[in-house]
Amino acid sequence: MKKSLLLMSLSAVLAVCSPAPDPVATLTSGGAFKVKGVKITAAGVPDWPLSAGDVISTLDSNAVIKFTDGSRVTIARQTSALIEKTQAGIRVRLQKGSMSFRLARAGKTEVSGLDLPAVPRTEGGLTVNGTNAWFFPAAGGFSAEVNPAAPVVMTPFNLGYLDSLRTAPDSGTPPVAPPPITQNPGGPLPGISATHP
């Protein structure tokens with residue numbers, strides 16, 4: 001009995017004393033959000049540390065994620081994203097909802113939607129609804145409601161456009177998008193945005 005209590009106490013001490021993963025970013029939100037399914041209230045938590053492997057889910061408020069390399073991602077409400085470690089650095093993988101991003105040019109942060117490759121741009125917006133993802137080439141936009149740039153459907157069948165973005169400068173007009181090729185053509189753009197649920 002004493003031995004098992006000692007082992008339980010020792011394992012509890014080791015769990016508390018074991019180093020946490022190094023934070024790669026901090027999250028700020030005006031309302032409650034979830035990290036790995038655990039609800040966190042924003043009151044008293046001005047900057048919540050995030051590590052690779054964290055899944056962030058916003059509830060009724062947007063959240064801003066600031067990365068150590070200076071990159072910044074704004075996640076709309078009712079949105080889920082995974083922070084994952086890659087060979088190059090850190091990737092924000094949008095799973096559901098919308099986000100806009102402005103990445104540091106010399107940084108090691110990248111963004112993608114669903115299981116698609118990273119978007120080869122330093123600013124823009126992404127929206128994911130079900131099995132479809134849309135990329136907004138202009139900065140600062142979550143959706144067509146707040147971003148006048150035409151969205152481009154991103155699927156594994158439409159990656160030629162992503163390749164054309166790699167050679168286009170970030171400033172100026174992005175290259176003309178090819179006609180979207182989707183597995184489910186004709187689907188409407190989701191009504192998810194920063195300002196209207």
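**Strands, rings and a polar contact**

Guide: Please keep in mind that this is a predicted model.

Visitor: Why is T127 called buried?
Guide: The cut-off for buried is under 20% relative accessible area. T127 has 1%, so T127 counts as buried.

Visitor: What makes the link between the side chains of T127 and S98 a polar contact?
Guide: Their distance is 3.0 Å. A polar contact needs a pair of N or O atoms within 3.5 Å, one able to donate a hydrogen and the other to accept it, so this pair of side chains qualifies.

Visitor: How many aromatic pairs does the structure hold?
Guide: The structure holds 1 aromatic pair. F101 and F135 form it, with 6.5 Å centre to centre and 25° between the planes.

Visitor: Why is that pair of F101 and F135 called stacked?
Guide: Planes under 30 degrees apart count as stacked. The planes of F101 and F135 are 25° apart, so the pair is stacked.

Visitor: Which parts of the chain does the pair link?
Guide: Distant ones: F101 is in strand β9 (residues 90-102) and F135 in strand β12 (residues 132-136), 34 residues apart.

Visitor: Are F101 and F135 buried or exposed?
Guide: F101 has 3% relative accessibility, and F135 has a relative accessible area of 0%. Buried means under 20%, so both residues are buried.

Visitor: What separates F135 from S100?
Guide: Their C-alpha atoms are 9.6 Å apart, and the two residues are 35 residues apart along the chain.

Key: Residues numbered from 1 in each chain as written. Predicted model: local features only at pLDDT ≥ 70, side-chain atom pairs only at ≥ 80, totals over all residues. Heavy atoms only, no water. Phe/Tyr/Trp six-rings, centres within 6.5 Å; stacked < 30°, edge-to-face > 60°. Helix = DSSP H or I, 4+ residues; strand = E, 2+ residues; numbered from the N terminus. Buried < 20%, exposed > 50% of the residue type's maximum accessible area, 1.4 Å probe, protein only.
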